[in-house]
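Please have a look at it before I go on.

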Amino acid sequence: MSYEILTKAEIDTAIKQLDGWAVRTDSGQPALEKTYVFSGFNAAFGFVSRVALAAERANHHPEWQNVYNKVCIRWTTHASGGVTSLDLKLAQKSDAIAKDSGQT
């Protein structure tokens, strides 16, 4: 399935509705990025596992890094070359999962 990239104006509007997310372009194309902090490694790993399941269901996978209780997650649609509505949907899903996973 192909998704159209969002315009800068659409991304700017959407990012205002997301808590703590930023638009990053240092990887060569726009991406939504956020770092979550959890109560410990188990909570962070649980979050990663749950997001992985949601990503697999959507057939869309994030870039991320986990160091102890911190998880940095980046959503972008490589095939489209930027941020799409699917990235926004999964950023929102990530936030919902984080609230249930011991985010501090």
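Helix α2 passes helix α3 in a right-handed crossing, where right-handed means that the near helix is turned clockwise from the far one by less than a right angle. This is a predicted model, in which local features need pLDDT of at least 70 and side-chain atom pairs count only at pLDDT 80 or more, while totals for chains, interfaces and linings use all residues. Residues are numbered from 1 along each chain as its sequence is written, and side-chain values use heavy atoms, with hydrogens and water left out.

Helix α2 covers residues 41-58 and α3 residues 85-99, and they pack at an angle of about 150 degrees with their axes 10 Å apart; the two are therefore roughly antiparallel, a term for angles over 145 degrees. In contact, meaning heavy atoms within 4.5 Å, are residues including Phe47 and Val51 of α2 and Leu90 and Ile97 of α3.

Turning to the core, the largest nonpolar core has 26 residues, and among those that touch the most other members are Trp21, Phe47 and Trp75. Such a core is a set of buried Ala, Val, Leu, Ile, Met, Phe, Trp, Tyr and Cys residues joined through side-chain atoms within 4.5 Å, with buried meaning under 20% relative accessible area and exposed over 50% (1.4 Å probe, protein chains only). Its largest share, 7 residues, comes from α2.

Finally, Asn59, in the loop between α2 and β3, has a positive phi of about 50 degrees although it is not a glycine, and Asn59 is exposed at 62%.

Definitions and conventions:
Axes fitted to C-alpha atoms, helices over the stretch in contact; angles between N-to-C directions. Helix = DSSP H or I, 4+ residues; strand = E, 2+ residues; numbered from the N terminus. Parallel < 35°, antiparallel > 145°, perpendicular 65-115°, else oblique.
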